[in-house]
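This report begins with the aromatic pairs and then turns to a helix packing and the overall fold. The sequence and structure are shown here.

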Amino acid sequence: MKKLLPLVCGLLLISFVATAQRYAVIDSKYILEKLPEYKESQTKLDQFSAQWQQEIEKKQADLDKMYKDYDAEQVMLSDELKKKREDELFNKEKEVRDLQKKRFGFEGDLFKKRQELIKPIQDKVYVAIQKLAVDKSYDFILDKSEGITVIFADPKLDKSDDVLKFLGVK
């Protein structure tokens with residue numbers, strides 16, 4: 001019995017070591033920033049965003065001018081003209097809000113452009129990560145860039161450069 005206990009403990013220890021999970025840590029933000037096509041796509045996205053923002057700012061400036069004009073003329077306007085101008089202001093304000101929502105809202109133009117320009121690159125990185133996981137027999141891979149909080153990660157576990165090599169980036 002005394003000899004059996006160490007033998008059982010040894011077998012249990014060996015089984016735990018044999019089934020140890022293998023894992024790695026990557027930084028997807030670091031990987032994406034190293035990809036030239038990501039930088040190009042991000043620049044294009046920023047240009048679209050700036051262009052749409054200028055469009056909204058121009059409409060907002062027009063609306064502000066309409067409000068100033070209305071405030072200046074309000075005293076001299078009849079009730080009927082006041083109502084008409086207030087309706088115009090309301091419609092113009094709604095137009096600006098709708099344009100803002102169309103460009104920058106949930107599933108707006110910016111979201112669609114990001115899907116068009118950035119998502120294929122992210123998918124390419126994801127495939128490279130999956131390939132790395134299969135090739136190196138990792139059970140799971142953590143992304144330390146966003147979302148999951150990694151308090152500490154040993155730098156030797158960071159396989160971001162391996163993913164970049166797979167993608168052909170030096």
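## Aromatic pairs

Two aromatic pairs are counted when rings of Phe, Tyr and Trp (its six-membered ring) are paired if their centres lie within 6.5 Å. In one of them, Phe106 and Phe111 are tilted, with 6.3 Å centre to centre and 35 degrees between the planes, where planes under 30 degrees apart count as stacked, over 60 as edge-to-face and the rest as tilted. Phe106 is exposed at a relative accessible area of 74%, whereas Phe111 is partly exposed at 35% (buried is under 20%, exposed over 50%, partly exposed in between, with a 1.4 Å probe and protein chains only).

## Basis of the model

The model is predicted, and local features need pLDDT of at least 70, side-chain atom pairs count only at pLDDT 80 or more, and totals for chains, interfaces and linings use all residues. Residues are numbered from 1 along each chain as its sequence is written, and side-chain values use heavy atoms, with hydrogens and water left out.

## Helix 3 and helix 5

The axes of helix 3 (residues 36-73) and helix 5 (residues 109-117) come within 10 Å and cross at roughly 165 degrees, so the two helices are roughly antiparallel (over 145 degrees).

Ser41, Lys44, Leu45, Phe48, Ser49 and Trp52 of helix 3 meet Asp109, Leu110, Lys113, Arg114 and Leu117 of helix 5, contact meaning heavy atoms within 4.5 Å. By class, this contact has five nonpolar, two polar and four charged residues.

## Overall fold

The protein has seven helices and two strands (DSSP runs of H or I with at least four residues, and of E with at least two), and buried residues make up 24% of its 170 residues.

Terms used
Axes fitted to C-alpha atoms, helices over the stretch in contact; angles between N-to-C directions. Parallel < 35°, antiparallel > 145°, perpendicular 65-115°, else oblique. Nonpolar A, V, L, I, M, F, W, Y, C, P; charged D, E, K, R; others polar.
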